[in-house]
Amino acid sequence: MLVALFARSALAACTFGNPLPASGTVAVSAPTFSATTTCTTVGLQVWPTANPANKQVLGPLPGPVLSPTEDLWDTLPAGNWSWRWIGNSASGPGVSTTQTIVIETDVDDDGVTVQGGDCDDADPAVHPGAVEACNTVDDDCDGLIDDQPGGYLDDGGSITSIDAVVNAGAPGSVTSLLVADEDLHLCPGAYFLNINTTGTVTLQGHGDARIEADGGYGIAQGSGGTVRVQDLGIGGGSIGWFCASGGTMIGNRLWIHDNTGNEGAGLYLSDCDGLIVDSDLQRNSASAWGGGIKATYASNLELRNSTVTDGSAANGGGAALFAGSHLTCRDSAFLGNAASTDGAAVYTNGSTLDLIRCDLGSYGAPDDNQGVDIADVTGRAYPAGDAVTNTCNASGVCGTAVWTEPQNLSFVPSAISQHADLLFYPIAPLAELSVEGVSFTVKKTSINDPACTARAFVQDASGGRVFGPTIQVSAVPNQAVVAGFQLAAPDPAGDLWAGLQVDCGVFASSVDVGAGTGMSSLLEPQALYRYGLLTTTL
């Protein structure tokens, strides 16, 4: 207990010698104070060195030895303190020399004081030199939380570290992990994991956390349930993220990259709804359908502020849609994708597509998709451009029809070659739309037809024409090529004719032509194309 002892006296008849601990001692726990004395009653006087008026006395004591209890010691805040012995005898009082002591705090008794850098003195597992775990805690007090590879599960009530599990995988020896109705956090690092989920799950990456799926599914989402994935890279698998059977996928700030499989290498949705925001799907490749994305069985996916780039597949280098599925590309982009057959950006089969300020690359630019941007199972093909707003229905028609019948074409033979100009009715864009360009598909129908070239053109009311590049018509019968171009500046007046010039050098039996026009809105740019086969004998 703290009491006030002893009034000062003019006499100093009793003395103290050898006061311990020595001046300047650093004390983490309560030390033993001692001395030799001739005094008959003693007490220990302590005070903050910076405030000598605030003296306290510990005592009275039976002799000059005091080992304060921890409860008593803990009443003294950390800092610089001064102390001395005081005493009394029949002949008068006495005092020892004043000593100093530095009190440091180590409440959790982990051997490291607060003053020595312990950032949580209530947890003995937290202190400088501790092993950093992935557990939301700065275990080693270096100012960084969860900065070493590892992971933990959070069920909403407790956190369980699974560092050993997520760090166990290696190339050729991937770890399979089931996450059921809880959240998985992955700290910075690469993890050879195939994650299976059931129920409602959040997968949260930190720093540069990334999954290396090593030929498997990075994330396989079970029947139903909602899975949210944030701040995570997923690569190296046959499918980056698979969702099926009534599930919902929500992705934010993802990098789904370099997955290679048969179909839907980046994202595969089967009877699943999805929303992908602020994410990049990059260099995903499928041998059949949907390099970046495949959606089937009435799946519904929206891309928002996201990109699908450098994907490849036989059909739908960027995405492939089947069986009543729907894709919305909102403020997003399909760039640099390629398809060996159809649909460099998107391939559709009985599905629908909304393009809302969707960038499909610039014609002829490095970011352009390698082939016709959008194609459907019937053979319709729709080139498009930057910031497209449009809708493609389940029949594969994108936008409003602008086409003509065979009697609206004409040909003009020349002295040196058999040559035809196929001139169509005036392009009549919808209200608030302007003409952006033209495109046609051209194919030979007989192996006996000679070699031909074709080039699209736009003709104004005075007969002036602007031609696109010359395209070599395929020598293989019924193998279509696209002849088209975009105008340098869209024309809002609509007083233009779309045309195609075909030059075969000599008489040709027939050429099949699919006519289409490209348009763009004055307010929201659009690209609208309609496909129709026109056959004429030249």
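Begin by selecting Tyr 217, Phe 242 and Tyr 268, which ring pairs link into a cluster. Rings of Phe, Tyr and Trp (for Trp, its six-membered ring) pair if their centres lie within 6.5 Å; planes under 30 degrees apart count as stacked, over 60 as edge-to-face and the rest as tilted. The model is a predicted one, in which local features need pLDDT of at least 70 and side-chain atom pairs count only at pLDDT 80 or more, whereas totals for chains, interfaces and linings use all residues. Residues are numbered from 1 along each chain as its sequence is written, and side-chain values use heavy atoms, with hydrogens and water left out.

**Aromatic pairs**

By the ring rule, the count comes to 7 aromatic pairs. Select Phe 16 and Trp 85 next: this pair is stacked, with 6.5 Å centre to centre and 15° between the planes. Strands (E, at least two residues) and helices (H or I, at least four) are DSSP runs, numbered from the N terminus. Phe 16 counts as buried because its relative accessibility is 14%, and Trp 85 is buried with a relative accessible area of 0%.

Tyr 268 is buried, with a relative accessible area of 12%.

**Charges over rings**

Now display Lys 55 together with Trp 47. Lys 55 lies over the face of Trp 47, at 4.5 Å from the ring centre. A charge sits over a ring if NZ of Lys or CZ of Arg is within 6 Å of the ring centre and within 35 degrees of the ring normal.

**Disulfides**

How many disulfides does a search of the whole structure find? The search finds 4 (a disulfide is a pair of cysteine sulfur atoms within 2.5 Å).

- Select Cys 14 and Cys 39, which are joined with S to S 2.0 Å. The torsion about their S-S bond is about 85°, so this disulfide is right-handed. Cys 14 lies in the segment before β1 and Cys 39 in the loop between β3 and β4 (41-48), so the pair ties together parts that are 25 residues apart in sequence. Both Cys 14 and Cys 39 are buried.
- Select Cys 119 and Cys 141, joined with S to S 2.1 Å. Here the torsion is about -80°, so the disulfide is left-handed. Cys 119 is partly exposed, with a relative accessible area of 44%, whereas Cys 141 counts as buried at 17% relative accessibility.
- Select Cys 243 and Cys 272, joined with S to S 1.8 Å. The torsion of about 80° makes this disulfide right-handed. Cys 243 lies in strand β20 and Cys 272 in strand β22, so the pair ties together parts that are 29 residues apart in sequence. Cys 243 counts as buried at 0% relative accessibility, and Cys 272 is buried with a relative accessible area of 1%.

**Two open sheets**

Switch to a cartoon view and colour β1, β3 and β6. They form an open sheet of 3 strands in the order β1-β3-β6, with antiparallel pairing; two strands pair if DSSP finds at least two bridges between them. The edge strands are β1 and β6 (65-66), each pairing on one side only. Strand β3 (residues 33-37) is joined to β6 by 2 bridges, and Phe 33 has Leu 66 in β6 as its bridge partner.

Finally, colour the open sheet of 4 strands, ordered β21-β24-β28-β32 with parallel pairing. Its edge strands are β21 (260-263) and β32 (338-342). Within the sheet, 2 bridges join strand β24 (residues 285-289) to strand β28 (residues 312-315), and Ser 285 stands opposite Ser 312 in β28.

Notes:
Buried means under 20% relative accessible area, exposed over 50%, partly exposed in between (1.4 Å probe, protein chains only).
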